[in-house]
Amino acid sequence: MSTFAEVEAIIQRGLQDTAPAIALAVSHRGTRIVEGAYGYLDPETRRQPINNNTLFDLASVTKLFTTTLFLWQVAAGKAAIDDPVINVVPEFGRYGTRPIEGGQNPHTLEREAPISSGSVDPATITFRHLLTHTSGLAPWRDLFIQLGPIPDPPQGYESSVNHQERLAKALDLIASFPFVSHPGERVNYSDLGLILLGAAVARLEGETETLDSTLHNMLGLLAVEVQYNPMKPAQCVPTEYDERWRKRRCQGEVHDENACALGGIAGHAGLFGRASDVADLAVEWLMALNGRRTYFPADLAREAIRHHGEYRGLGWVLRQPEGSSSGRFFSPRSFGHTGFTGTSLWVDPERELVVSLMTNRVYFGRDHDGILRFRPALHDAIAQWVDTL
């Protein structure tokens, strides 16, 4: 048994050992029951408390928006889940069959040993492979080092680098990298795959479209205001001081180096938003699952949260038996996603419960791991509290 006071007590402890800024939005049966902001933009001086309009770097929660855009395009007949990726992004097959070799460690930048052998024809990679992270693509490569000079600090919306030029170079690099396994063989959670998917989403929308313009156009259906390259960087929660590359603290620019190098716009990371915006996306998914969204058919929404291997849906992570980041008390049908900066979205369809949790847990460094204890404890308390309502 839990009360909301216990939920807030966990948040207050989290401000001490997890992140200096925390925002929470909870929806239950279609109604927002919690929207709160805790902590400071400037934890050292504590002169700037955050509020419900403060923007957080969503990190990999961006992948859920990319997934949603693509599946809406599938529903509109613009593509099919099992289409080859090269049908839309032909340059992915530019260099033909490629060998299976090692990947690259995102922290040390060192090459990693291969986990399989042989070669892969990129023409066999489908959108389903990208969505389920079973494409065999490397999880990560240091695109940011190879794409050109470091972008200038953010000034508001316009990046100092040309996104389309950088994306073209990134796609060429991804097309040249070796694979790490055969398609469908195993899950390799891959940012490279979602960069490809983001490029495909923009092209399916039109020759002159970019991922940010496509997002803006399609989310016009919703009251959701996530954005790339936010107009007012100073109103965003700061993340890590980047010692390795930018030599500055990230505020209003994406923490992820590869997304930053792409001009702040990518399918795997780059979006900024409020806790309420992220919660609203999940509410739309629940409505689609219940057949109340004609532009997003229920059967497609159900396919997206079906088990596709190793607790993966289409873009979504499915709850594991031990609960993991969703905690112990969310139902077995729950689904969600986390972001490296300390963000997450979890949905319990049996309770019709949505929990959007935003933090900047990397403020004190990317190895700061208090979120691994904080997040499931918070989810447990929320689930127990909601059951008393």
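**Close-up 1. Strand β11 (residues 335-339) and strand β12 pair in the antiparallel sense over five bridges.** The model is a predicted one, in which local features require pLDDT of at least 70 and side-chain atom pairs pLDDT 80 or more, whereas totals for chains, interfaces and linings use all residues. Residues are numbered from 1 along each chain as its sequence is written, and side-chain values use heavy atoms, with hydrogens and water left out. Strands (E, at least two residues) and helices (H or I, at least four) are DSSP runs numbered from the N terminus; two strands pair if DSSP finds at least two bridges between them. H337 stands opposite L345 in β12. Three residues lie between the strands of this hairpin, where G342 takes a positive phi near 115 degrees.

**Close-up 2. Strand β12 (residues 343-348) is mostly covered, six of its six residues being buried.** Buried denotes under 20% relative accessible area, exposed over 50% and partly exposed in between, with a 1.4 Å probe and protein chains only. In a regular strand, side chains alternate between the two faces of the sheet. T343, L345 and V347 point one way from β12, while S344, W346 and D348 point the other way; all are buried.

**Close-up 3. β12 also pairs with strand β13 (residues 353-359), in the antiparallel sense and over five bridges.** D348 stands opposite L353 in β13. The two strands form a hairpin with four residues between them, and E352 in the turn has a positive phi of about 55 degrees.

**Close-up 4. Three strands form an open sheet in the order β3-β9-β6, with antiparallel pairing.** β3 (56-57) and β6 (227-228) stand at the edges, each with a single partner strand, so one side of each has no neighbour in the sheet. β6 and β9 (residues 271-273) pair over two bridges, and Y228 stands opposite L271 in β9.

**Close-up 5. Helix α5 (residues 163-176) packs with helix α6 (residues 191-205) at an angle of about 130 degrees, their axes 11 Å apart.** Axes are lines fitted to C-alpha atoms, for helices over the stretch in contact, and angles run from 0 to 180 degrees between N-to-C directions. The helices are therefore oblique to each other, a class left after roughly parallel (under 35 degrees), roughly antiparallel (over 145) and roughly perpendicular (65 to 115). L167, L171 and I174 in α5 meet L192, I195, L196, A199 and R203 in α6, contact meaning heavy atoms within 4.5 Å.
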